[in-house]
Structure formats: structure tokens, C-alpha cells
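Tutor: Let us examine the terms used for this model and ask what each of them rests on. Please question every label.

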Amino acid sequence: METLNFFIKNQGQILQLTLEHLWLVGTSMLLAMAIGLPVGIFLTRRQAFRKPVIGGVNIVQTIPSLALFGFLLPVPWLGERADRLAIAALTLYALLPVVRNTFTGIVGVDPNVREAARGMGMTDRQVLFKVELPLAMGVILAGVRVATVISVGVATIAAAIGAGGLGEFIFRGVAMVDNRVILAGAIPAAALALLLDMLLGFLERKLTYVQ
Amino acid sequence: MTEARETVIEFRGVSYCVSNAQQLLSDLNLTVRCGETLMLLGRSGSGKTTTLKLINRMLEPSAGEVRVDGRSTLEWDAIRLRRGIGYVIQEAGLFPHFTVERNVGLVPHLEGWPPEKIRARVCEMLELVGLPPEQFLSRRPHQLSGGQRQRVGVARALAGDPPLLLMDEPFGALDPLTRAEIQGEFQALQGRLKKTVVMVTHDLREALLLGTRIALMESGKLTGVFAPREFEHATDPRVAAYVRVFRARDGQSNL
């Protein structure tokens, strides 16, 4: 009850930080897709690069998020603004699921179907856009979905470097030893993760052909 | 039927190897004449499919050359070459995310035909393979039986009206009854359309039934090319051995 009252009293700030959070996650996800999709596609064409590239994004994934924020701090243009820095770090984190799923999704397309497409005289571009990507869409979107949900969680840590978002409440609450404040950050963050997960799951079902 | 036929495909000393260690095809010389149904017969790994894929340049020869319509496949633009050749593979290789209509209309679509002409052509092709268009146009491959899928595969290969048809074990995955049915239909169809067909099979009966000539292959080499009757009563020991083995395996089914 007390927590609820706190929520109502601070609803303006909760809303604002939620929007900030959404901005961090949304921008970094768009960037991760803009980079990860072409990289994943490229890897299916030049499989020799698969190990080093997937290995590379894998290593990024293993760096603790707080440390990654720290590492990026001295980078010239990035370090200037906290949200810029946070978006860069979140993008790096989201890269692995996007790249990996794009790669496995396309490689997993029935070789018979790919062979038929080539044999009927489709160009490489046509094979990619008309056959491989549509058929891999379900797997690719599953990767985007996983990356998004992870991002919502990791983005709370961005508050540690002053990038805003719902982490503000969480860090403040921990410092103040006040559960109400922690929950004011944690509950909207969890809700956001669930909501985005549902939304992308819906999209996944819509865009995946029925089997 | 006239016997004067021009050469459509010619293999001249063709070899194909994946690496130095693995030679899949060695020194193949073979001609395919206009309007004939040439069956490439042999056991798995004998190089039949490799031979087929060299024709539409899905593979390129390591040595020698494959000539289609008098030009080496390497001189052809691969895309142009393939659009002019119908291609049917095992399990049909239909696009699971396309309706039957889009599957069959693929080559006309790629060739930029106007939509109403594509639709008319698709309907014509479906009629041809015995699938009523009004029932099948909007279905997806997973809503079809194996036999229907294979019929759609044939309709798709014929849609661009290619003079040449390559078929890689097109009826291999079907149950015996459906296979017999479709083989019969194919025979009737071929009687009307008179396409040049190269078909891969390991089924001696199919080769004898559908082929005007049979090319027997063994471990990457051509044993010889025979008319069906020659084949059945062949004196060549390797052919006789193949027939014998096949008969023995098939003996109990009494076919």
C-alpha cells in the first residue's frame, strides 16, 4: 500500500525514466539490427569469417556490463555523453544474439529449397531476399527478442554512468535502503521486458510462415 | 517421330573434382539430342547428380567442357542459362512460404511477365499436371500430398516453357503407387510436349519405362549409353550385372 502510494506520487518521474529506458533500449536494438543483420548475412557467404566474428561478439557478451561501460568511457566521441555511451554498450551486447541467429537462421534453410531457387535462375540477391530471409525470419526475430529482453535488464545498469533510465530508481533505492524506490525502478523495467517480449513474439508469429 | 535430331547438350571430356583427392566425374563424353529423354542411371555416388548439375552450371567442370545449345556453359550467363532450363529435384524443393500459385509462377515472375499472363500460365500448367487450379492456387506446399508436391514441382519447371528439363530423382520420394501414377502422367505429358529431358534415377524400371536412352554410370564414369531394349538384353557384362542385381533385389515383388 505504501509502495503503491509512492508510485502514484512519483508517477511523473517513473514515466519519464521509463521513456528514457525505452529510448536506450530501442535505439541500441535498432543499431544492433542495422549492424548484426548484414554481418550475419555476410558470415553465411564467407563462412571462413564465422569463427572469428562469432567468437568476437561472444567475448563482448562475457564482459560484465558495468566493466563494458567503464571501458568505453575513454573512447573520444562516445564518452562525451552518458546516453551515447550506454547505447554503444547496449548495442555491443545485443550484437551476439542478432548475428548468431541471422547466421543460423539462414544456414538452416532447407538446402533443397535453396538449390531449387538457384537452379531456377534466381540471382544471389533474389535467393537472399525472396527465399533465405523470409524463411529465416522466425529464427532472426527470436534472436532480436532475446537481445531486447536482455537489453532492458542491462540498461538499468546504465544509470551507474548517469545515462538515466529506470536504473536511477534502483541505484537510488539501494543507496537509501528503501525498497519502495528500488521497486519503482524494478517493476516498470520488468513490465517493459514482458511487454516487449510479447510484442516481438506477436511479430514473430505474424512474420513467420505457418508450418 | 523423326530421327534427325540436333545435339542440345554435349559433354566433352568432362571431369569434376571437389579436391585433388576426390574425383566425382572423370572424362565424361555424352551427347543429349533434342526431344529425347535421357536417363542417367547408376547407384548412389556414381556421379549422376553431378552430371546433371554441370548442365545448368550449378557446378562448373574441372576439366573439359559442357556445351548447351552449342555454347560452353562457362560462356553462358549462369542466370540466363538456368532460366531457360526447367529443374525438378527430389522432394520438389518447393518454397514453403509461397503459395502454389507463386511457386509455379516463379520463373515467369523473375522474367517480368505481366501478372495476368503469369496467372493464366500458372493455371494452364496446373491443368497440365492434373491439379484443378481453383482448388490448388492458394494452397501452400505443406498442405499438399507428396504426389501433389511433385506435380507442382513439374508445373513450376515447365512454367517458363523451357525446351530442356533436368530432373533429379523427381519421383524418388513417392510411394510405389503414386510413383507409378505420376510416371504414367509424365509419359503422356512428354508425348505431347516433346521436351528434351535429362533425368537422374537409380531405379532400373523407371529408366526402362521413361527413357528413350539410358546412360549407365559407375563411380564417376560412363559405362555406356543404351536404348531400353538394348539395356534389358545387354551383352555388356557391367550392364548385365546391374540388371541382374536389380532383378534379384526386386525379385520377390514380381514386377
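Student: Why does T73(B) count as buried?

Tutor: A residue is buried if 20 or more other C-beta atoms, placed from the backbone, lie within 10 Å of its own, exposed if 12 or fewer do, and partly exposed in between. T73(B) has 20 C-beta neighbours inside 10 Å, and therefore counts as buried. Please note that this is a predicted model, in which local features need pLDDT of at least 70 and side-chain atom pairs count only at pLDDT 80 or more, while totals for chains, interfaces and linings use all residues. Residues are numbered from 1 along each chain as its sequence is written, and chains are lettered from A and ligands numbered from 1 in the order in which they are written.

Student: Where is T73(B) placed, and which residues does T73(B) touch?

Tutor: T73(B) belongs to the loop between strand 5 (71–72) and helix 2 (78–83) of chain B. Helices (H or I, at least four residues) and strands (E, at least two) are DSSP runs, numbered from the N terminus. Contact requires C-beta atoms, placed from the backbone, to lie within 7 Å. Not counting residues up to four places away in sequence, T73(B) touches R57(B), V66(B), V68(B) and L81(B).

Student: What makes F231(B) buried?

Tutor: F231(B) has 24 other C-beta atoms within 10 Å, so F231(B) is buried. This residue lies in helix 10 (residues 228–232) of chain B. Leaving aside residues up to four places away in sequence, F231(B) touches L208(B), I214(B), F226(B) and V239(B).

Student: How are E169(B) and S219(B) classed, buried or partly exposed?

Tutor: E169(B) has 20 C-beta neighbours inside 10 Å and therefore counts as buried. S219(B) has 14 such neighbours inside 10 Å, so S219(B) counts as partly exposed. E169(B) sits in the loop between strand 7 (164–168) and helix 8 (176–193) of chain B, and S219(B) in the loop between strand 9 (213–218) and strand 10 (221–226) of chain B.

Student: What is noted about phi in E169(B) and S219(B)?

Tutor: Most residues other than glycine have a negative phi. Phi of E169(B), however, is near 40 degrees, a positive value in a residue other than glycine; phi of S219(B) is near 35 degrees, again positive in a residue other than glycine.

Student: How do you know that the length of helix 5 of chain B agrees with its 14 residues?

Tutor: The expected span of a helix is 1.5 Å times one less than its number of residues. For the 14 residues of helix 5 (residues 115–128) of chain B this gives 20 Å, and the end C-alpha atoms are 20 Å apart, so the two agree. Just after this helix, G130(B) takes a positive phi of about 80 degrees.

Student: Why are the buried residues of helix 5 of chain B said to line one face?

Tutor: The buried residues are I118(B), R121(B), V122(B), M125(B) and L126(B). Seen down the axis of helix 5 of chain B, they fall within an arc of 135 degrees, so they line one face of the helix; the arc is that of the directions from the helix axis to the C-beta atoms. The face turned away from the buried side carries the exposed residues E116(B), K117(B) and E127(B). The buried residues pack against helix 3 (100–104), helix 4 (106–110), helix 6 (133–136) and helix 7 (146–158) of chain B.

Student: What describes the packing of helix 2 and helix 6 of chain A?

Tutor: Chain A has 10 helices and 0 strands. Helix 2 (residues 11–45) and helix 6 (residues 82–107) of chain A pack at an angle of about 35 degrees, with their axes 6 Å apart. The axes are lines fitted to C-alpha atoms, for helices over the stretch in contact, and angles run from 0 to 180 degrees between N-to-C directions. Helix 2 of chain A passes helix 6 of chain A in a right-handed crossing. A crossing is right-handed if the near helix is turned clockwise from the far one by less than a right angle, and left-handed if anticlockwise.

Student: Which helix of chain A gives the most to the side that touches chain B?

Tutor: The contact takes 15 residues from chain A and 16 residues from chain B. Helix 7 of chain A gives the most to its side, with 6 residues. In helix 7 of chain A, V113(A), A116(A), A117(A), R118(A) and G119(A) are buried. Their cover includes helix 8 of chain A together with helix 2 and strand 6 (85–89) of chain B.

Notes
Contact = placed C-beta atoms within 7 Å.
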